[in-house]
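Hello,

Here is the structure I promised to pass on to you. Have a look at it first, and then read my notes below.

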Amino acid sequence: VQLVESGGGLVQAGGSLTLSCAASGSIFIINAMGWYRQAPGKQRELVATITRDGTTNYEDSVKGRFTISRDSAKKSVYLQMNSLKPEDTAVYYCNADVRTSSRSRSTDHWGQGTLVTVSS
């Protein structure tokens, strides 16, 4: 299973970016998908998750500014980020909980990360 992120870059404070992540490979079912981030010198933290039925969860600091969505047919998850702040600067990682067959248990998979830099 491979997860490939795109959409990172440099943006000014107050601006917007949309991250995309597409899963490929031997996939039977994708359960929850999500976005995490890791700022320099800090631990990786959850940003947002979305279940198969569309239930979402957000880290408090991004509520009202970020929106997570998914397209199950495309095996993809997205993160619309608005009103970006310098403190949102981090490497953003896509995560997916995947079953590779009807008889397998689900396992966690990660993308390689995409850098988001917000300038003040």
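**Two loop residues**

Ser-83 is found in the loop between β8 and β9; strands like these are DSSP runs of E with at least two residues, numbered from the N terminus. Please keep in mind that this is a predicted model, where local features need pLDDT of at least 70 and side-chain atom pairs count only at pLDDT 80 or more, while totals for chains, interfaces and linings use all residues. Residues are numbered from 1 along each chain as its sequence is written, and side-chain values use heavy atoms, with hydrogens and water left out.

Back to Ser-83: its phi is positive, about 50°, although the residue is not a glycine. Ser-83 is partly exposed, with a relative accessible area of 41% (buried means under 20% relative accessible area, exposed over 50%, and partly exposed in between, with a 1.4 Å probe and protein chains only). Lys-75 is not a glycine either, and has a positive phi of about 55°. You will find Lys-75 in the loop between β7 (66–71) and β8, and with a relative accessible area of 32% it is partly exposed.

**Ser-76**

Ser-76 belongs to strand β8 (residues 76–81). Is Ser-76 buried or exposed? Its relative accessibility is 7%, so Ser-76 counts as buried. A polar atom of the Ser-76 side chain lies 2.9 Å from the backbone oxygen of Lys-74. Leaving aside residues up to four places away in sequence, Ser-76 touches Cys-21, Ala-22, Met-33, Ser-69, Arg-70 and Asp-71 (contact means heavy atoms within 4.5 Å).

**The disulfide**

One of those neighbours of Ser-76, Cys-21, brings us to the next feature. A disulfide is a covalent bond between the sulfur atoms of two cysteines. The rule used here asks for a pair of cysteine sulfur atoms within 2.5 Å, and the count comes to 1 disulfide. Which residues form the disulfide? They are Cys-21 and Cys-94, with their sulfur atoms 2.0 Å apart. Cys-21 lies in strand β3 (residues 17–24) and Cys-94 in strand β9 (residues 90–99), so the pair ties together parts that are 73 residues apart in sequence. The torsion about the S-S bond is about -80°, so this disulfide is left-handed. Both Cys-21 and Cys-94 are buried.

**Rings and a charge**

The structure holds 1 aromatic pair. Tyr-36 and Trp-110 form this pair, which is edge-to-face, at 5.0 Å centre to centre and 65° between the planes. For such a pair, rings of Phe, Tyr and Trp (its six-membered ring) need centres within 6.5 Å; planes under 30 degrees apart count as stacked, over 60 as edge-to-face and the rest as tilted. Since Tyr-36 is in strand β4 (residues 29–38) and Trp-110 in strand β10 (residues 107–110), the pair ties together parts that are 74 residues apart in sequence. Trp-110 is partly exposed, at 36% relative accessibility.

The charged end of Arg-44 sits over the ring of Trp-110, 4.7 Å from its centre (this needs NZ of Lys or CZ of Arg within 6 Å of the ring centre and within 35 degrees of the ring normal). Arg-44 also lies over the face of Tyr-93, at 3.7 Å from the ring centre.

**A hairpin to trace**

Tyr-36 stands opposite Leu-46 in β5. Strands β4 and β5 (residues 45–50) run antiparallel and are joined by 5 bridges (two strands pair if DSSP finds at least two bridges between them). They form a hairpin with 6 residues between them, and Gly-41 in the turn has a positive phi of about 75°.

Enjoy exploring!

Methods: Helix = DSSP H or I, 4+ residues; strand = E, 2+ residues; numbered from the N terminus. Polar contact = N/O pair within 3.5 Å; in protein donor to acceptor, adjacent residues only side chain to side chain.
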